[in-house]
Amino acid sequence: MQASKTADTYGLFPGHDIEQADAKQAYTQSKLGGTPTWVTFPYEAWPQEWKDRGMRKPYCPLILSLYGHPDAGGYWEQHCDRIVQKAGWKPLPKEWPSCYFHPRLKLLLIVYVDDFKLAGPEHNLKKGWALLRQGLEIEPEKTIDDKGAVYLGCRLERNKIKLPSGKMATSMTYN
């Protein structure tokens, strides 16, 4: 949450914005490694060929990281980290895992499992998403002002408030 709020603060700077998007079927974008795992399918999910051949209980190797496998999250995280860094994002210090900065675009990226939050200069956000999509399947991004934009279960609401000095400021509410 601290990293997410840091991105929100950065995205509220003048000329900046905040967008979020989810990875499509995140875990299955990565290969499963480690001990070979085999799975079977319910009969109604079998290809017709298996039924025609009279198979009784066929097993298949599990190749992609599948949600529910105990190691799937770790393989997705490694895959995502490799793709993000290949696209020019620099990881923040180890105390901030899954947080990256793109030095040329001046964008801050926070990744929490399959949730991506991007903050920085508004004119660079599309370029940042394009870089990420070179190796990751990501749903269309939404600004925090879009209806239905939710990050980690919170709907973010940007507001204008008048300070005691009379100046206007931008605030963020987590609903």
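Me: Which elements do the buried residues of H4 pack against?

Reply: The model is predicted: local features need pLDDT of at least 70, side-chain atom pairs count only at pLDDT 80 or more, and totals for chains, interfaces and linings use all residues. Numbering starts from 1 along each chain as its sequence is written, and side-chain values use heavy atoms, leaving out hydrogens and water. Helices (H or I, at least four residues) and strands (E, at least two) are DSSP runs numbered from the N terminus, and contact means heavy atoms within 4.5 Å. The buried residues of H4 pack against strand E1 (16-22), helix H3 (72-86), E5, E6 and strand E7 (115-121).

Me: Within what arc do the buried residues of H4 fall?

Reply: Buried means under 20% relative accessible area, exposed over 50%, and partly exposed in between (1.4 Å probe, protein chains only). In H4 (residues 125-132), the buried residues are Leu-125, Gly-128, Trp-129, Leu-131 and Leu-132. They line one face of the helix, because seen down its axis they fall within an arc, taken from the directions from the helix axis to the C-beta atoms, of 160°.

Me: Where is Lys-106, a residue with phi near 60°, and what is its relative accessible area?

Reply: Most residues other than glycine have a negative phi. Lys-106, with its positive phi, lies in the loop between strand E5 (99-102) and strand E6 (107-112). Lys-106 is partly exposed, at a relative accessible area of 42%.

Me: Which residue in the loop between strand E9 and strand E10 has a positive phi near 55°?

Reply: The loop joins E9 (150-151) and E10 (154-162). The positive phi belongs to a residue other than glycine, Leu-152.

Me: What is the radius of gyration of the protein chain?

Reply: The C-alpha trace spans about 80 × 30 × 25 Å along its principal axes. The radius of gyration is taken over C-alpha atoms, and the globule rule is 2.2 Å times the number of residues to the power 0.38. A compact globule of 175 residues would come near 16 Å, but the protein chain has 21 Å.
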